[in-house]
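Please examine the chain shown below. The paragraphs that follow lead from its overall build to a few individual residues.

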Amino acid sequence: MTPIELKDLSYAACPEEMSEGIVAPGSLQKANCYLISGTAVNRSGKPVLNADIFGRIYDANNNPAMMNRTRLGAIDEVPPGESPFELRISVAANQPEPLKLEQFKASGFTGKVRR
């Protein structure tokens with residue numbers, strides 16, 4: 001596993017066409033769609049494939065927005081150096097903003113991954 005630093009994190013509401021019909025994970029509760037964006041830093045000198053993104057997201061009241069989940073998604077390929085990334089998440093509509101993005105990191109493989 002090759003570690004990837006994630007920095008310059010921010011979030012914004014999804015464009016309307018991306019958020020239509022969104023529900024919170026594991027329920028039929030209404031949810032808000034957000035895009036988390038930032039910069040992935042790959043210092044390995046080789047492309048990293050299938051990098052899993054981990055982090056914690058809290059609402060304005062410090063309640064977890066992604067209960068019992070730290071794996072939030074993945075980046076298909078992270079080239080050497082710095083590159084932008086984007087991740088779509090769903091958060092229950094009753095969780096107030098601003099969201100707090102903490103302990104974000106990623107790790108993946110420098111070789112081909114079999115699925």
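The term pLDDT denotes the predictor's confidence in each residue, from 0 to 100. This is a predicted model, in which local features need pLDDT of at least 70 and side-chain atom pairs count only at pLDDT 80 or more, while totals for chains, interfaces and linings use all residues. Residues are numbered from 1 along each chain as its sequence is written, and side-chain values use heavy atoms, with hydrogens and water left out. The average pLDDT of the chain is 89, and 87% of the residues score at least 70. Confidence is highest in β1, with a mean of 97, and lowest in α1, with a mean of 74.

Helices (H or I, at least four residues) and strands (E, at least two) are DSSP runs, numbered from the N terminus. The chain contains 1 helix and 6 strands, and their order from the N terminus is β-α-β-β-β-β-β. A contact means heavy atoms within 4.5 Å. Among contacts between residues at least 6 apart in sequence, 78% join residues at least 24 apart. A residue is called buried under 20% relative accessible area, exposed over 50%, and partly exposed in between (1.4 Å probe, protein chains only). Of the 115 residues, 37% count as buried.

Which cysteines form a disulfide? A disulfide is a pair of cysteine sulfur atoms within 2.5 Å, and the count by this rule is 1. Cysteine 14 and cysteine 33 form it, with their sulfur atoms 1.9 Å apart. This pair links distant parts of the chain, 19 residues apart: cysteine 14 belongs to the loop between β1 (2-13) and α1 (16-19), and cysteine 33 to strand β2 (residues 31-42). Because the torsion about their S-S bond is about -65°, the disulfide is left-handed. Both cysteine 14 and cysteine 33 are buried.

Alanine 92 lies in strand β5 (residues 81-92). With a relative accessible area of 9%, alanine 92 is buried. In sequence, alanine 92 and alanine 31 are 61 residues apart, yet their C-alpha atoms are 4.2 Å apart in space.

The backbone also deserves attention. Most residues other than glycine have a negative phi, and most peptide bonds are trans. Asparagine 50, in strand β3 (residues 48-58), has a positive phi of about 50° although it is not a glycine. Asparagine 68, in the loop between β3 and β4 (71-78), likewise has a positive phi, of about 60°. Asparagine 50 is buried, at a relative accessible area of 14%, whereas asparagine 68 is exposed, at 78%. Finally, a cis peptide bond, with omega of about 5°, joins glutamate 97 and proline 98. Proline 98 is in the loop between β5 and β6 (100-109).
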